[in-house]
Amino acid sequence: MSSTQSRSTESNPDSAEESDLDGSPAGVHSTVTVEAPVEKVWQHLISAHGTEALLGPGVTLGNKGESWHSADGPHGVVRSYHPMEQIRVSWHPHEDGPLSIVDLQLRPDGSKTRVDLYHEGEGIAEDGAGDKARWDDALGRFSSALGS
């Protein structure tokens, strides 16, 4: 990881905000801070290159209520779309996979931007450590692709 990025991961057991996830397993929180303003990070997030880095090959995100699908299997629906601030999508790891929510939030941090990713509900790896590793890797790809 370069000196222009910082990253951490932690469990986030009490952050489920979707009524669909009441009683769901503890979530995962990953974060990265990148040396770019929110506007640039947002444009990267909604671009095909940025979205694929986070959610998988072939993913493009539309507006609230629109479906998305990765060539690797994960899929869902855009649940919330707030430009420059947040995108929240439902996440199913495969065709019959359980419901979970991925919430991406952007926060200005001086001239930098903090990107927080919360994954709440049953995960793709079926274990917290696997989910943490998956989202840490995804944020690493996202921040690396932003610099290119």
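**Close-up views of aromatic rings and strand pairing**

**View 1. Arg134 and the ring of Trp135.** In this predicted model, the charged end of Arg134 is placed over the ring of Trp135, at 4.1 Å from the centre of that ring. Trp135 also belongs to an aromatic cluster, which it forms with Trp68 and Trp91.

View 2. The model holds three aromatic pairs. One of them is formed by Trp42 and Tyr81, whose ring centres lie 5.5 Å apart and whose planes make an angle of 75°. The pair is edge-to-face, because planes over 60 degrees apart are placed in that class. Trp42 is part of helix α1 (residues 38–46) and Tyr81 is part of strand β4, so the pair ties together parts that are 39 residues apart in sequence.

View 3. How do strand β3 and strand β4 pair, in the parallel or the antiparallel sense? Strand β3 (residues 67–69) and strand β4 (residues 75–82) are antiparallel and pair over three bridges. Within this pairing, Ser67 stands opposite Val77 of β4. Five residues lie between the two strands of the hairpin, in which Gly73 takes a positive phi near 120°.

**View 4. The hairpin of strands β4 and β5.** Strand β4 is also joined to strand β5 (residues 86–91), by four bridges, and the two run antiparallel. Here Val78 is found opposite Val89 of β5. Which residue of this hairpin takes a positive phi? Met84 does, with a value near 70°, in a hairpin that has three residues between its strands.

**View 5. Strand β4 and its two partners.** Strand β4 pairs with β3 over three bridges and with β5 over four. Tyr81, the partner of Trp42 in the edge-to-face pair, lies in this strand β4.

Conventions
Residues are numbered from 1 along each chain as its sequence is written. This is a predicted model: local features need pLDDT of at least 70, side-chain atom pairs count only at pLDDT 80 or more; totals for chains, interfaces and linings use all residues. Side-chain values use heavy atoms; hydrogens and water are left out. Two strands pair if DSSP finds at least two bridges between them. Rings of Phe, Tyr and Trp (its six-membered ring) pair if their centres lie within 6.5 Å; planes under 30 degrees apart count as stacked, over 60 as edge-to-face and the rest as tilted. A charge sits over a ring if NZ of Lys or CZ of Arg is within 6 Å of the ring centre and within 35 degrees of the ring normal.
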